[in-house]
Amino acid sequence: MSLDVWLHDKSNTEFCVWGGNITHNVNVMAKVAGAYHYLWRPENVGVVKAADNIENLRRSLGMMYLNYERMKAMNPENGWSDVDGLINFTKSYLDACIEYPDAIIEVSR
């Protein structure tokens with residue numbers, strides 16, 4: 001099971017400008033960092049366009065670094081991803097949001 005996130009061109013929602021995937025195994029870590037809703041359920045917090053999520057993702061990354069040791073202790077026992085994987089996913093997503101601020105966000109859980 002995983003989270004899939006896509007950014008679609010606003011003028012052609014069939015055209016994907018970025019896509020990412022991460023396992024649900026790190027969703028508790030995302031909650032610790034305050035990132036869960038911005039990653040897993042953006043529609044519940046009014047996030048529709050990539051620009052809407054830029055500051056959320058920046059703050060979340062900061063919290064991931066501040067809570068790094070706590071989150072590292074939460075790495076999944078099955079070895080499927082880890083705190084570094086969550087950080088890298090969030091960085092990539094943030095970079096894409098900055099590059100494509102008008103893109104429409106789509107998630108699949």
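Here is a short walk through this structure, from its overall fold to a cluster of aromatic rings.

What you're looking at is a predicted model, where local features need pLDDT of at least 70, side-chain atom pairs count only at pLDDT 80 or more, and totals for chains, interfaces and linings use all residues. Residues are numbered from 1 along each chain as its sequence is written, and side-chain values use heavy atoms, leaving out hydrogens and water.

Let's start with the fold. The protein chain has five helices and three strands, taken from DSSP runs (H or I of at least four residues for helices, E of at least two for strands) and numbered from the N terminus. Follow the chain from that end and the order reads β-β-α-α-α-α-α-β. The C-alpha trace spans about 45 × 25 × 20 Å along its principal axes. Of the 109 residues, 42% count as buried, meaning under 20% relative accessible area with a 1.4 Å probe, protein chains only.

Now for the rings. The whole structure holds four aromatic pairs; rings of Phe, Tyr and Trp (its six-membered ring) pair if their centres lie within 6.5 Å, with planes under 30 degrees apart called stacked, over 60 edge-to-face and the rest tilted. One of these pairs is Trp 18 with Phe 89: their ring centres are 6.2 Å apart and their planes sit at 50 degrees, so this pair is tilted. Because Trp 18 belongs to strand 2 (residues 12-23) and Phe 89 to helix 5 (residues 83-99), the pair ties together parts 71 residues apart in sequence.

Ring pairs link Trp 18, Phe 89 and Tyr 93 into a cluster.

Definitions and conventions
Buried means under 20% relative accessible area, exposed over 50%, partly exposed in between (1.4 Å probe, protein chains only).
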